[in-house]
Structure formats: C-alpha cells, structure tokens
Amino acid sequence: MAEAMRLPTVTIIQQRGGPSTATVIYSQQEVTLTTYGGNGEGMRIVYSTSNHQELFDYTIKAFNVAWKYRFPTFVLGDGYQAKMRESVTLYDPDEKGVEYVAPEAYVGKPGTPGVDREPGLYRNTYNTEEELFEVLQQHFADFNKMTPEIIEYDQEATDDADVIVIGHGVVFRGVRDAVKELRAEGLKVGYFRPITLRPFPAEQLKAIATGNRKLLIAESAEGQLAKLVKDAIYGCTAEIVPYFRPGLGITTEQIVAKVKEVL
Amino acid sequence: MSVSPQPTMPKSWRVESKPHKFCPGCGHGLVLKCLGEVIDELGIQDRVVFGCDIGCSLLSWDFFNVDSVQTHHGRTTPVMTGIKRANPDLICIAYMGDGGGYAIGVGGIVNAAARNEKVTVLLVNNTVYAMTGGQMSPCTMPGQKVETAPYGRDAEATGMPTQGPEMISAITGDGAYVARGSMANLKQLKSYIKKSLQNQMEGNGFSFVEALATCPTNWRTNAEKTWEFVEKQMPQYFKVGEKKNPFEAKKEAQQNA
Ligand SMILES: Cc1ncc(C[n+]2csc(CCOP(=O)(O)OP(=O)(O)O)c2C)c(N)n1
Ligand code: SF4
Ligand SMILES: [Mg+2]
C-alpha cells in the first residue's frame, strides 16, 4: 500500500534467521524480502547499516529521503545490531546541520474539499490495466531519476585487486578488517560494500567487475546479496565466488582464509 | 402532469463521480446516501476522512468530496485509527464489508474496539464476498446458497453467522456506541450513523454501525426477493437495534441523579 500510494514510510528491519520462526539471533536472510518483498515491482529504498552509529545516522536520513522522494524507505540491520552494545553518539540533527525535508499532511488540509480545494483521493486499486500501467511508468521514472542522487557504497583497494570481497551490513566489518590484513601481507585484495541495497550501486560495481578478477561474495544468507550483484553486473567478465553462510556470522579470520583459498 | 424532481444528492457527494458504480439495487449506495446526509447535517465535510476497504466498498474511493483513502483489504480500521491519532481534530470513518471487517480485518477491528479508539466503523453486511463473486462470508446465513456453499451454508461445518455488533459491544469500554441498522429502515439507519459520528466528535469512544444491505447481483434475486431477504430473512440472525448507547446511558444517569 505504501508503494502504491507513494507513502513516505520508514521501516527498520532487524533480520532474523529463517525460513519461518527459525532463530531470533542473527542472519542476513531478509535481504530479498526487504528489497523486493510484496509483488516485487513496488519501488523501495533500502539502506544496509553495519554498526550502531549508522543505525542512528541512516534512520535520520531515511525520514528525509522518504519525504523527499515519497518511496517507502527501510533501514536494514540484523539481530547483532539489534542486541549488542557498542558506543554511539546520539546527537540533535539540527546541531549537525541536517536539514529536514518538510513533511506534508495527506489529509485534513485547510478548507472544505470540493469547495475550497480538491479532496485528497488516495487509492491502490485501478479499474483497468492501462490505468495501472501508466501509474507504474511514473513510479519507475521517478525511481530511476532519483537513483544517482541517493546511491551509496564504500570501496577500497580495488584498483589493482585480484580479489574484491563484497559484503554488506555487519558482515562488512569482517570484510574491511580482512582486506586490511591481506593488504598488509602484500596481497592484492580490495572490497566493495553496497550501502543502498536498493537502488543498488550497479554502475559503480560494474566499473570494477572487469577482467578475470574474482568477486568473493560473503553473506549470512544463501545468495541473497549475490542475486543483487549478479543482476547489477550482468555482462561483466569478473568471476563470482560465493561464500554463503546462511544464518551464521562471518569472522575476519574466515574471510582471510577464504580469500587465500581462492587467490 | 408535473414531473417529479430528481431526488437531490447530499452536498458532500462528489458529483464528478456520479452516477456511482454500484449495481442497480445495491445496498452500498443507500448506506452512503445516509452517510452523506449525516455529514451535511453535522456540517463536517471539511473534517471528515473517509477510508474504504477492498470489496465493493472500494468503489467509493472517490464517492465524496472529502479526503478519502482506499486501503488494503481488512486494513481500514487501523489506517483510520492512525490518521485519527495523528490528527485528532479529524473525524475518521472506516467503511467496509462483512468480509473485510469480520474475516481478514477482524484483528484490526477487535483491537481498535478493545482500545476504544475514537473512530467510526461503518460495516455493510450483505452476507457474501460480493466483489469477488459471492463466496461465503462470515455472515452467510445457515442454509443460504452461495458460490462456495452451493447446497447452503452448513453451520455444523462452517459455524454460525458472525455477530459483529454483539461482539464489539462486549469488548468495548464505556463511551462506545454500537448499533445494527438496516437499509430496510433508512431513517433508523441514518440516525444510528449520525450518533456514531457524534459519539466520535464528543471523543467518547469507539463507534460501530453494521448496516444490513442488499446484493441482488450475488444473491441472484429480483427486486421483490431482494427486499424480502434484507427486510425479513436477515433480521432472523442479525437483530437490528442499538447495542450500546452512551447518549442513553448519560440520560439515565442524569435521571437517576
Ligand atoms: C489481501 C487480500 N485478500 C483477498 C482479496 C480478494 N478480495 C477482494 S474483495 C474480497 C471480499 C470482499 O467482501 P466484503 O468485505 O464482504 O465486501 P463486499 O464486496 O461484499 O461489499 C476479497 C476476499 C484482496 N483484494 N486482498
Ligand atoms: S456485487 Fe453486490 S455489493 Fe457489489 S456493487 Fe453489485 S450489488 Fe452491490
Ligand atoms: Mg460483503
């Protein structure tokens, strides 16, 4: 409904293990659900955070982005981020100079509808296929126009890398530390971290998915991030190497070992 | 010979969307006429937010010149509750069918009622899932033949018709207004709808009106049979009247004081 009506909702998801009730502790198994849940053609914005500070920062950002572009916006965390303790600086966004996008009432604006103004008429059902088609075209166009403005990612040591490790969310912490360690050993390893899982930083990843490099995808799921990656880099020559641990955490040591195995 | 004038539409109706899209003989139009007249009489067109469910009620998404939200099936009560909470000056009406209210959306209604949310729910009971072709709903009557119960509803296997207002009056606190009216008695139905809105405006509590209404298309009845069904047969299971009335309770308390 939020997708159909372009409601500026903000939802914070802390992923658990699945399918079904499964585990309550940790996983990255709700990536597909969060990015493409529903019928899959509703447009959404999804930020994947990796620590408490980001949870705070991106929640503020999510409200602003949702109001600006009017797409439902998600902050995607996980059970670790929901339950562990670590330091975080809470601040008044005003003091940091964060500008708020002004919210707007959908209903109850001044004046009598039909007399002083048009009524707000919001619907998510259409009488004809053509009507729906037209509405969706506008959604897609708005989303595509927005995409370059909000895409976020992080990338390091990729220029000469033989292996680029891709990870998001809390797994990225292990990825970053592993790459540091491997570089210190003189190995040509870099990383790429998508922060917006939707829209996905496709062009940016495509630009480095070249030659006979290996893209090692580390995720606590059976290929949900990998699906987004494959979709983004279709046609590129880099080889995809999976490192899937559905519902399990991934440590720095495990990533280091896996990279050495595939180098 | 004088030509009888066209009956006037309520002022709050949206002329651009008329004639409306309900089938000839449908109960929805008359219930919405009562609602439109009440909105006019109370002078609240600038404060009403109308929420309609999925079902034939969705055809009313642009029915009034009031801010209107067509929601997800069964989600109209929570959506209207949210709007009311965000802006308590608004008068929020959740409009739905018996399927929307008593099957898929029953969780929303029960919890809003239990919390005594200050919204009005207007539920059209036509004993079937009308929009989807006349399947059995929680309000289909024993023996009634419908699309998914071609030999008639078997109460042993599928239970008895849901008693909505009776349930709501049992779970709401003081200040709730609960009634069941019928399009067979429009004057009475209109007075119930009016009280359900006044009750919200006074901030007393949850307000709920079920309206017995016709669906000749799915009942497959002619005009005479349609009327007989709503006027005579439905009240055998669905007792018309006020179940909970804070206005009466107040009067009584004053008399006893
Ligand atoms: C979530 C969801 N489930 C099912 C449907 C299919 N559906 C559309 S209308 C309807 C039943 C409507 O019956 P009721 O609420 O009694 O309204 P009426 O059409 O009788 O006025 C159903 C099941 C839907 N649109 N959405
Ligand atoms: S199918 Fe029934 S409820 Fe729906 S518009 Fe027609 S008569 Fe009314
Ligand atoms: Mg019905």
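## Around ligand 1 and beyond

An oxygen atom of ligand 1 sits 2.8 Å from a polar backbone atom of B:C56. Please keep in mind that this is a predicted model, in which local features need pLDDT of at least 70, side-chain atom pairs count only at pLDDT 80 or more, and totals for chains, interfaces and linings use all residues. Residues are numbered from 1 along each chain as its sequence is written, chains are lettered from A and ligands numbered from 1 in the order in which they are written, and side-chain values use heavy atoms, with hydrogens and water left out.

The table lists polar contacts of the ligand, where a polar contact is a pair of N or O atoms within 3.5 Å.

| Residue | Part of the residue | Distance to an oxygen atom of ligand 1 |
|---|---|---|
| B:C56 | polar backbone atom | 2.8 Å |
| B:G99 | backbone N or O atom | 2.8 Å |
| B:H28 | side-chain N or O atom | 3.0 Å |

Taken alone, ligand 1 exposes 590 Å², and the protein buries 76% of that. Such areas come from the Shrake-Rupley method with a 1.4 Å probe.

Who are the neighbours? There are 16 residues around ligand 1, and B:H28, B:C56, B:D98, B:G99 and B:G100 come nearest; to be included, a residue needs a heavy atom within 4 Å of the ligand. By class, this shell has seven nonpolar, eight polar and one charged residues, with Gly counted as polar and Cys as nonpolar. In chain B, α3 (98-104) and β5 (128-129) each supply at least two residues of the shell, and α3(B) gives the most, with four. Helices (H or I, at least four residues) and strands (E, at least two) are DSSP runs, numbered from the N terminus.

Over residues 63-210 of chain B, the chain is 37% helix and 21% strand.

Helix α7 (residues 186-201) of chain B holds B:N199. Is B:N199 buried or exposed? B:N199 counts as buried because its relative accessibility is 0%, and buried means under 20% relative accessible area (1.4 Å probe, protein chains only). Not counting residues up to four places away in sequence, B:N199 touches several residues, including B:Y177, B:F206 and B:F247; contact means heavy atoms within 4.5 Å.

Finally, chain A has nine helices and 10 strands. Of its 263 residues, 48% count as buried. Along its principal axes, the C-alpha trace of chain A spans about 75 × 45 × 40 Å.

Conventions
A polar contact is a pair of N or O atoms within 3.5 Å; within protein, one must be able to donate a hydrogen and the other to accept it, and residues adjacent in sequence count only if both atoms are side-chain atoms. Buried means under 20% relative accessible area, exposed over 50%, partly exposed in between (1.4 Å probe, protein chains only).
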